[in-house]
Amino acid sequence: MDRPPLALRLLPVGLVAALAAAAYLNRDSLGVGAMSAWIADWGALAGLAFVAAHALVSLVGFPRWAMALIAGALFGPWVGTPWALAGALAGGSSVFALARFANAGSVVPRDLPRVGPWIARAEAGGWRTVAILRLLPVPGIAVNLGLGLSGIAFGQFALGTVLGSVPHAVVFVKLGAAGLLAAQEGLAEARAPLALAALAGLAAVALSFLVRRRARA
């Protein structure tokens, strides 16, 4: 397959740069509260608006934990979790696709001396490596860009992203839902949900620690 012209490959990079500049100039509107209000205004289409917003803001490095908080506050712990996972997939895929299209094989990271072995290991591990990376305390945009430059198949990337994002999504969705409950009903009513979210968070931290040790072994 022929490589797209350089100008065409640089076009989405320029659009993302413009999006990043717009996000910086309007950073007060990118807070959790402001984004929650904007998504809620879509009514019955709020879930789709959430996924679309997740895909866009991920391009400029907006943290996925903040989007998971929004999912919990808007949709509750049960409905919010699948929406958070869908958003994580959309956000990761947008950066992955951008990196793959813009690079188009111009640079082969696995041939680079420092990162080559890590890229080769990720490609060999497939979706399992992607899932492990999602559990580690590594910025999502860095993971998505690196995997987009690798040769890993999109299906493997998508499966690993969803599975590896489950612990993270559960914790922050529960925190978002508990925070909304505390704001509406008072802290006493939210103690149990907050305690469950805290326990889930501790479990996720422990899992991340174990995965990190296993990855270094």
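Trainee: At what angle do helix H2 and helix H4 pack, and how far apart are their axes?

Mentor: Before the answer, a word on the model, which is predicted, so that local features need pLDDT of at least 70 and side-chain atom pairs count only at pLDDT 80 or more, while totals for chains, interfaces and linings use all residues. Residues are numbered from 1 along each chain as its sequence is written, and side-chain values use heavy atoms, with hydrogens and water left out. An axis is a line fitted to C-alpha atoms, for helices over the stretch in contact, and angles run from 0 to 180 degrees between N-to-C directions. Here helix H2 (residues 32–40) and helix H4 (residues 64–103) pack at an angle of about 50°, and their axes are 10 Å apart. That makes H2 oblique to H4, given that angles under 35 degrees count as roughly parallel, over 145 as roughly antiparallel, 65 to 115 as roughly perpendicular and the rest as oblique.

Trainee: In which hand does H2 pass H4?

Mentor: A crossing is left-handed if the near helix is turned anticlockwise from the far one by less than a right angle, and right-handed if clockwise. H2 passes H4 in a right-handed crossing.

Trainee: Which residues in H2 and H4 meet?

Mentor: Contact means heavy atoms within 4.5 Å. By that rule, Val32, Met35, Ser36, Ile39 and Ala40 in H2 meet Ala66, Met67, Ile70 and Leu74 in H4. Sorted by class, the residues of this contact of H2 with H4 comprise 8 nonpolar, 1 polar and no charged, where Ala, Val, Leu, Ile, Met, Phe, Trp, Tyr, Cys and Pro count as nonpolar, Asp, Glu, Lys and Arg as charged, and the others, Gly among them, as polar.

Trainee: Which residues of H2 are buried?

Mentor: Buried means under 20% relative accessible area, exposed means over 50%, and partly exposed lies in between (1.4 Å probe, protein chains only). In H2 the buried residues are Met35, Ser36 and Ile39. Looking down the axis of H2, these buried residues fall within an arc of 105°, so they line one face of the helix; the arc is that of the directions from the helix axis to the C-beta atoms. The buried residues of H2 pack against helix H3 (46–58) and H4.

Trainee: How do the axes of H3 and H4 cross?

Mentor: The axes of H3 and H4 come within 7 Å and cross at roughly 45°, and H3 and H4 are therefore oblique to each other. H3 passes H4 in a right-handed crossing, and the contact of H3 with H4 has 17 nonpolar, 6 polar and 1 charged residues.

Trainee: What does the packing of H4 and H7 look like in angle and axis distance?

Mentor: H4 and H7 pack with their axes 7 Å apart, at an angle of about 40°, which makes H4 oblique to H7. H4 passes H7 in a right-handed crossing. On the H4 side, Gly91, Gly92, Val95, Phe96, Ala99, Arg100 and Asn103 meet Ile141, Asn144, Leu145, Leu147, Gly148 and Leu149 in H7, and the residues of this contact divide into 7 nonpolar, 5 polar and 1 charged.

Trainee: Which residues of helix H7 are buried?

Mentor: In helix H7 (residues 140–149), the buried residues are Val143, Asn144, Leu147 and Gly148. Down the axis of H7 these buried residues fall within an arc of 125°, so they line one face of the helix.

Trainee: Is serine 93 buried or exposed, and what does it touch?

Mentor: Serine 93, which lies in helix H4, is buried, with a relative accessible area of 14%. Leaving aside residues up to four places away in sequence, serine 93 touches Phe154 and Phe157. Threonine 81 is also found in helix H4 and counts as buried at 15% relative accessibility; with that sequence exclusion of up to four places, threonine 81 touches Gly76, Val170 and Val173.

Trainee: Is tyrosine 24 buried or exposed?

Mentor: Tyrosine 24, in helix H1 (residues 6–25), is exposed, with a relative accessible area of 55%. The C-alpha atoms of tyrosine 24 and valine 60 are separated by 9.4 Å, although these residues are 36 residues apart along the chain.

Trainee: How many helices and strands does the protein have?

Mentor: Helices (H or I, at least four residues) and strands (E, at least two) are DSSP runs, numbered from the N terminus. The protein has 9 helices and 0 strands, and buried residues make up 36% of its 217 residues. Among contacts between residues at least 6 apart in sequence, 75% join residues at least 24 apart.
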